[in-house]
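Have the structure open as you read.

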Amino acid sequence: LIDRRSTAALPLAEKAMALANESGNPKQFAEAKYLLAFYHCLVANNYDAAIELCNDALAKTEPHNRGDVGYKLYMTLGNSYQLKGDVFSAQESYMAGLKQLETRAELSTREKGLLASFYYNVSLLLSQSELNLCTEEYLQKAIQIYEETESHFRLSKSYVSYAGILERKGQQDKAIEFLFKALDLDTKTNDVYSLALTTANLGILHLRTHRYNEALIYLQEGIAYYQDKQMAYETGMVKVAIGETLFALGQKREALIELKESETIFKRLDNKQELCNVYGLLSKFMEETGDTRSALFYQKLYTESLKSHFDIEKTNSLTRAKKEFESEQREKEALLLQQKNEEIKSYVHRLEISNNELKQFAHVASHDLREPLRMITSYMGLVKKSLNDNITEQQTEFINFAIGGAKRMELLIIDLLRLAKIDANTKVEPVKLKNVMTEIGLNLDVLLKEKNAAIICDELPEITADRTQMLQLFQNIIANGIKYNESETPMVKVTCITKSNEVEIAIADNGIGIDENYHERVFQIFQRIQTTREYSGSGIGLTICKKIVDGMNGRIFIESNVGAGSTFRLVFPATILV
């Protein structure tokens, strides 16, 4: 009944919906929703209601609970969007159903018919949108299946559509040949709907080939059926063609009446695509009749409609491209994860072994490696003591070199351990930097007194960090500023600037400064500044500082020149503020 556009279908569809709700069967629910959506699309021309029903059925049923009706829901959803003039949403719906069917290994006769219908609708959609991409290819696939399954009703519609393709390619005679093939099928099956569709298209083709009298006869035959069955979209389309035909025959007043009636129909259907075409024709015909004011009015509507349609298509195109890209990316990522899964497991296992070896190394470094150094220092002291007054100046110098080397080696091992432990067992908590600076002052008390130095500190914020790391970070930089300093009164000044998205802490000294060539190198392990004096240290302190700052998603850099002091700038994201 719905296929024949009969309003008698509605009570049956509503009864089916009531029974489905009572049964609670998901498949019956989807089938009943589909019937109501199909009715609203093809008979009532209420496309928004049809779209809502289809989306509701698809959202509330799992794919395995829908069966064949899932394909029909996508088909009806696509039909509804197409009749509203929403090309991209229609194509998305058709392709969703088409992809599901094409992946099936074997298809029943019914499923083959559905597959052909998808091919047919996609072809028709691409043809109407003037994209003309694979239009003929999809339609030929549909025709092949319809001929195999002897689906005369749908085969007739496909012949009509193919005639349209041939007409656009300039093959008018061949197009008319296919229309008469369709008419022959319709006559044999006595299908009044197909007869109306074919005769209407014969009228449009005769209009395009300027055979206006024949066109008017065919068009009037087609519209009689559409109006009787209250088929709004089809009526509107044929009225446009009748309007063009009457205008060409000189019946201009009657032509404008037909076009304005089609305008009313497409406004009610909210079909912006067909409205745009009607506005263009009305503007053109009004101008030819000398009604420039009305022509200008419709030209403005035509221009606005074109712009709106372009904006919608552009937005939909971008959205669709984005969705397809994201979907492809997800598929690629899933495949990559699947392929790499075993590698990741193997890597994790090797990493666990490596971590255990590192822990063992830390134990060896902190105990076993330092023990021989302590023995060297101890026994060299005993050697020096045993020689007593008999020791020469050269021997004393050699022994001091050995003891000094052992102590430097032990200090180097301690610094390496500190560097290795930075990322281990961190404890992030609120830290008052003011308190940290107070503790640093106590730790460096001896150095400050020896060098007659001072630390000046502005107000510093409370941040979220590891307290021990903050102590290491600031103490390393401040100690360097005092140690690498030949001023009579060494001074280190700590300041803080809070910006909208960053916190910058500057640590400036009046020391010997750092050559520009070393600004990056000093943060590398074992890199030390070349100076005229020899300063103690392993060259790891600033490496530790950089590792701490990097771990907090911050940046550390130097502003300095030789003899002009140094300023270390620590820049952190504002999110560290408490």
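Helices (H or I, at least four residues) and strands (E, at least two) are DSSP runs, numbered from the N terminus, and the expected span of a helix is 1.5 Å times one less than its number of residues. The model is predicted, so to speak of local features pLDDT of at least 70 is needed, side-chain atom pairs count only at pLDDT 80 or more, and totals for chains, interfaces and linings use all residues. Residues are numbered from 1 along each chain as its sequence is written, and side-chain values use heavy atoms, with hydrogens and water left out.

**Helix α8**

- Helix α8 covers residues 135–149, and its 15 residues should span 21 Å at 1.5 Å a residue; the end C-alpha atoms are 22 Å apart, which agrees.
- An α-helix has 3.6 residues a turn, so residues three or four places apart point the same way.

- Most residues other than glycine have a negative phi.
- Glu 150 is not a glycine, yet its phi is positive, at about 55°.
- Glu 150 follows α8 and lies in the loop between α8 and α9 (152–168).
- Glu 150 is exposed, with a relative accessible area of 59%.
- His 210, also not a glycine, has a positive phi of about 65°.
- The loop that holds His 210 runs between α11 (192–208) and α12 (212–228), and His 210 counts as exposed at 56% relative accessibility.

**The five-stranded sheet**

- Five strands form an open sheet in the order β2-β4-β5-β7-β6, with mixed pairing; two strands pair if DSSP finds at least two bridges between them.
- At the edges stand β2 (454–457) and β6 (555–560), each with a single partner strand, so one side of each is left without a neighbour in the sheet.
- From one strand to the next, the twist averages 15°.
- β2 pairs with β4 (residues 491–498) in the parallel sense over four bridges, and Ile 455 stands opposite Val 492 in β4.

**A helix across the sheet**

- Helix α22 (residues 541–551) lies across β6 and β7 (566–573), running at about 135° to β6.
- Axes are lines fitted to C-alpha atoms, for helices over the stretch in contact, and angles run from 0 to 180 degrees between N-to-C directions; contact means heavy atoms within 4.5 Å.

How values were computed
Buried < 20%, exposed > 50% of the residue type's maximum accessible area, 1.4 Å probe, protein only.
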